[in-house]
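Here is a short report on one protein chain. Look at the structure first, then read on.

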Amino acid sequence: MAIATSFSLPLKYPSSSLTTHIQKPCCSCRCSSSNSISVASKTLQQIQDSGVIACLRAQNAELANRAARAALDGGISVLEIVVTTPDAFEVLRNLVHDYPTKTFGVGTVLQAKDAKDSIKAGAKFLMSPATVMDILVGVSESDVLYIPGVMTPTEILSAFSAGAKIVKVYPVSALGGVGYISALKKPFSHIPMVASQGVTIDLVGQYIGQGASAVVLSDAIFAKEAMSQRNFDKIYQLASHAASQGQQAVERSER
């Protein structure tokens with residue numbers, strides 16, 4: 001399915017908050033870090049600075065493209081596209097081209113082929129609901145950040161020992177939510193963690209306050225009703241609120 005390089009959004013966003021579809025790369029000293037810092041390390045820092053990873057899955061490519069742009073224009077700086085989204089790699093290529101200052105990744109990556117295709121499309125990070133060793137070993141040569149899914153202390157330590165720079169605690173809500181992250185960070189304070197599954201915007205601050213480097217927000221931003229009704233204004237508003245909560249939580253944690 002051919003995807004146009006740009007989709008026009010309804011012009012209902014606050015004019016003062018709108019960003020252009022084609023963003024110029026940042027030229028600040030902070031962005032032009034030394035070449036000694038790896039791409040994966042830069043991506044990890046961008047995720048930690050944001051505090052929020054927006055996770056998008058959609059029924060078709062056009063919906064994915066427009067919903068992603070609404071979230072990005074709302075302030076989301078780190079976006080994950082679930083690999084099962086139709087034409088996910090084409091959508092990713094268009095977004096990478098039009099939003100060069102944002103950080104993009106692909107989620108629910110379970111096979112090495114999907115990992116390779118994601119990287120070719122411009123993904124800077126990959127996420128899985130479990131630890132896929134073929135991907136963890138393979139990305140070490142591509143300098144893309146891999147965030148494997150873990151559930152238990154043993155899985156966390158095993159993934160970290162195998163080379164993971166950060167892990168995704170999944171399904172966090174089913175395991176105890178904020179309290180589970182707090183308990184895990186006591187013995188593993190040196191291992192960055194992303195909290196994923198069932199996280200709501202109002203809990204972003206609590207998760208980061210208890211040690212999570214970031215949270216994954218899926219339905220909290222791309223609400224099912226908003227997606228089904230193609231209500232991109234609502235997605236924009238939710239994204240703006242989520243990005244603000246993430247930034248505030250990160251700033252508090254750094255004090």
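## The chain at a glance

The protein chain holds 11 helices and 9 strands. Helices (H or I, at least four residues) and strands (E, at least two) are DSSP runs, numbered from the N terminus. This is a predicted model: local features need pLDDT of at least 70, side-chain atom pairs count only at pLDDT 80 or more, and totals for chains, interfaces and linings use all residues. Residues are numbered from 1 along each chain as its sequence is written, and side-chain values use heavy atoms, with hydrogens and water left out.

Of the 255 residues of the protein chain, 49% are buried. Buried means under 20% relative accessible area, exposed means over 50%, and partly exposed lies in between (1.4 Å probe, protein chains only). The accessible surface is about 11800 Å², and carbon and sulfur atoms own 53% of that. Such areas come from the Shrake-Rupley method with a 1.4 Å probe; for residues, only the protein chains shown count as cover.

Contacts tell another part of the story. A contact means heavy atoms within 4.5 Å. Take the contacts between residues at least 6 apart in sequence: 65% of them join residues at least 24 apart.

## The sheet

In what order do the 9 strands of the open sheet stand? The order is S5-S4-S3-S2-S1-S9-S8-S7-S6, and the pairing is parallel. Strand S5 (145-147) and strand S6 (149-150) stand at the edges. Each has a single partner strand, so one side of each is left without a neighbour in the sheet. Two strands pair if DSSP finds at least two bridges between them. Strands of a sheet pair through backbone hydrogen bonds, either parallel or antiparallel.

Is strand S3 (residues 103-107) mostly covered or uncovered? It is mostly covered, with 5 of its 5 residues buried. Both faces are covered. Thr 103, Gly 105 and Gly 107 are buried on one side, and Phe 104 and Val 106 are buried on the other.

S3 pairs with strand S2 (residues 78-82) in the parallel sense, over 5 bridges. Glu 80 stands opposite Gly 105 of S3. S3 also runs parallel to strand S4 (residues 125-127), joined by 2 bridges. The bridge partner of Gly 105 in S4 is Phe 125. From S3, the chain crosses through helix H4 (residues 112-121) to S4, and this β-α-β crossover is right-handed. A crossover is right-handed if, with the strands pointing away from the viewer, the path from the first strand over the helix to the second runs clockwise. S2, helix H3 (residues 88-98) and S3 also make a right-handed β-α-β unit.

## Helices H3 and H4

Which residues of H3 are buried? They are Ala 88, Phe 89, Val 91, Leu 92, Asn 94, Leu 95 and Asp 98. Their cover includes helix H2 (61-73), S2, S3 and H4.

Asp 114 lies in H4. Leaving out residues up to four places away in sequence, Asp 114 touches Val 83, Phe 89 and Val 109. Asp 114 and Ile 135 are 21 residues apart in sequence and 9.5 Å apart in space, C-alpha to C-alpha.

## Two crossing helices

Two packed helices are described by the angle between their axes and the distance between the axes. The axes of helix H1 (residues 39-50) and helix H11 (residues 232-253) come within 7 Å and cross at roughly 100 degrees. That makes H1 roughly perpendicular to H11. Gln 48, Asp 49 and Ser 50 of H1 make the contact with Gly 246, Gln 247 and Val 250 of H11.

Axes are lines fitted to C-alpha atoms, for helices over the stretch in contact, and angles run from 0 to 180 degrees between N-to-C directions. Angles under 35 degrees count as roughly parallel, over 145 as roughly antiparallel, 65 to 115 as roughly perpendicular and the rest as oblique.

## Backbone details in loops

The peptide bond from Tyr 170 to Pro 171 is cis, with omega near 0 degrees. Pro 171 sits in the loop between S7 and helix H7 (172-175).

Asp 87 is not a glycine, yet its phi is positive, about 55 degrees. Asp 87 lies in the loop between S2 and H3. Its relative accessibility is 30%, so Asp 87 counts as partly exposed. Arg 230 is not a glycine either, and has a positive phi of about 55 degrees. Arg 230 is found in the loop between helix H10 (224-228) and H11. At 33% relative accessibility, Arg 230 counts as partly exposed.
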